[in-house]
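Biologist: I would like to learn how to read this model one feature at a time. Please give me the general idea of each, then the case at hand.

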Amino acid sequence: MEIFPVDEHIWAIDHELLGLPGVGVTYVVRGEEIALVETGTALTAPKTLAGLDALGIPREAVRHILCTHIHMDHCGGAGHLAAALPNATVYINSSVAEHLVNPTKLMASVRRAVGEEAWPLHGELLPIPAERIRPAETLRLDLGRDVVLAAIATPGHSPDHLSYRDLKSGGLFIGDAAGLVMDRWGLAFPVTPVPAYNLAAHQDTIAKLRALNLPRIFITHYGPHDDVDDQLNYAAERLAELIDLVNRALADGEPDVDALAARWVPYPDDGPAGVVARSWSRMSVAGMIRYELKRRQSPS
């Protein structure tokens with residue numbers, strides 16, 4: 001577990017998502033009240049709690065847990081954290097909140113998406129009582145000491161995806177709204193997963209983020225970045241590469257998802273982040289293929 005400062009009022013806890021450092025963080029935002037942004041999976045919750053202990057934050061002091069979207073690497077630890085943080089309310093898009101109350105369907109969907117190799121690294125969601133969940137679409141959360149978090153709709157990666165603007169620093173907790181940037185492992189690409197990826201919405205979101213002139217983005221995978229325009233441009237370029245790859249494969253016949261993923265995100269099979277690279281690139285190729293086939297079948 002690593003803990004590092006992001007701003008004077010923000011810390012990041014690297015909870016070793018999917019068993020590796022440098023893959024995922026939970027952000028700790030401190031005003032008079034304390035909020036967590038992103039939860040990791042069920043298996044990362046103990047390290048997040050250990051991080052709070054190391055920061056000297058009592059369990060009862062955490063009042064808010066914000067999730068950007070319903071995927072298990074972003075909300076999968078919410079139930080376990082809520083159980084350990086008795087005063088915390090969980091915030092997520094209301095369209096998917098039911099999956100935190102009864103996570104059975106969500107876990108089955110994630111298992112299909114990430115594949116059997118990566119599935120054991122996710123753990124099982126713990127249900128959250130409905131009364132502890134609040135809708136986040138129009139959230140404006142005043143934590144005191146001029147620290148305010150405001151929700152922004154950023155769909156594409158998933159239809160429910162929200163980002164949270166930190167009004168004090170101007171930075172944005174971006175989740176998977178653009179792309180992942182895991183410098184430690186040499187991996188940087190947008191994730192376009194099954195079953196609900198939407199390319200048009202994703203492209204609109206990237207354009208929206210550019211127009212905000214953000215000074216910083218806080219990426220769940222991974223860390224703070226000041227080179228916002230460069231990161232958004234790179235995500236758009238990698239999207240264009242994937243679109244071209246998928247269209248060429250569809251023109252040639254039945255696409256081979258594994259082969260296409262290996263071309264788009266080349267990474268040694270025995271590399272330390274091999275499971276992450278394979279799982280997330282394969283589900284991205286599959287998601288883009290699914291999107292494109294549905295688009296072609298839709299009436300113009």
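Modeller: Start with the elements: helices (H or I, at least four residues) and strands (E, at least two) are DSSP runs, numbered from the N terminus. This is a predicted model, in which local features need pLDDT of at least 70 and side-chain atom pairs count only at pLDDT 80 or more, while totals for chains, interfaces and linings use all residues. Residues are numbered from 1 along each chain as its sequence is written, and side-chain values use heavy atoms, with hydrogens and water left out.

Biologist: How many helices and strands does the chain have?

Modeller: The chain has nine helices and 15 strands. Its radius of gyration (taken over C-alpha atoms) is compared with a globule rule, 2.2 Å times the number of residues to the power 0.38. The chain's value is 18 Å, close to the 19 Å that the rule gives for 300 residues, so the chain is as compact as a globular protein of that length. Along the principal axes, the C-alpha atoms fill a box of roughly 60 × 40 × 40 Å.

Biologist: What share of the residues in the chain is buried?

Modeller: Buried means under 20% relative accessible area, exposed over 50%, and partly exposed in between (1.4 Å probe, protein chains only). Buried residues make up 58% of the 300 residues in this chain.

Biologist: Where is E38, and is E38 buried or exposed?

Modeller: The loop between β4 (34–37) and α1 (45–54) holds E38. With 1% relative accessibility, E38 counts as buried, whereas E16 is partly exposed, with a relative accessible area of 25%. E38 also has a positive phi, near 80°, in a residue other than glycine.

Biologist: Which residues does a cis peptide bond join?

Modeller: The cis peptide bond joins V194 and P195, with omega about 5°. P195 lies in the loop between β13 (187–189) and α6 (199–211).

Biologist: Now the charges. How many salt bridges does the count come to?

Modeller: A salt bridge here is a side-chain nitrogen of Lys or Arg within 4 Å of a carboxyl oxygen of Asp or Glu. By this rule the count comes to 14 salt bridges. One of them pairs R63 with E33, the closest N and O atoms being 3.7 Å apart. R63 lies in strand β5 (residues 62–66) and E33 in the loop between β3 and β4, so this pair ties together parts that are 30 residues apart in sequence. R63 is partly exposed, with a relative accessible area of 36%, and E33 is partly exposed at 25%.

Biologist: What distance separates the closest N and O atoms of R216 and D226?

Modeller: In the salt bridge of R216 with D226, these atoms are 2.6 Å apart. The pair links distant parts of the chain: R216 is in the loop between α6 and β14 (217–219), and D226, ten residues away, is in the loop between β15 (223–225) and α7. R216 counts as buried at 18% relative accessibility, while D226 counts as exposed at 53%.

Biologist: Which residues are linked in a network of salt bridges?

Modeller: E117, D269 and R278 are linked in such a network.

Biologist: How far apart are L293 and N247 in sequence and in space?

Modeller: They are 46 residues apart in sequence and 9.8 Å apart in space, C-alpha to C-alpha. L293 belongs to helix α9 (residues 274–297) and is partly exposed, with a relative accessible area of 35%.
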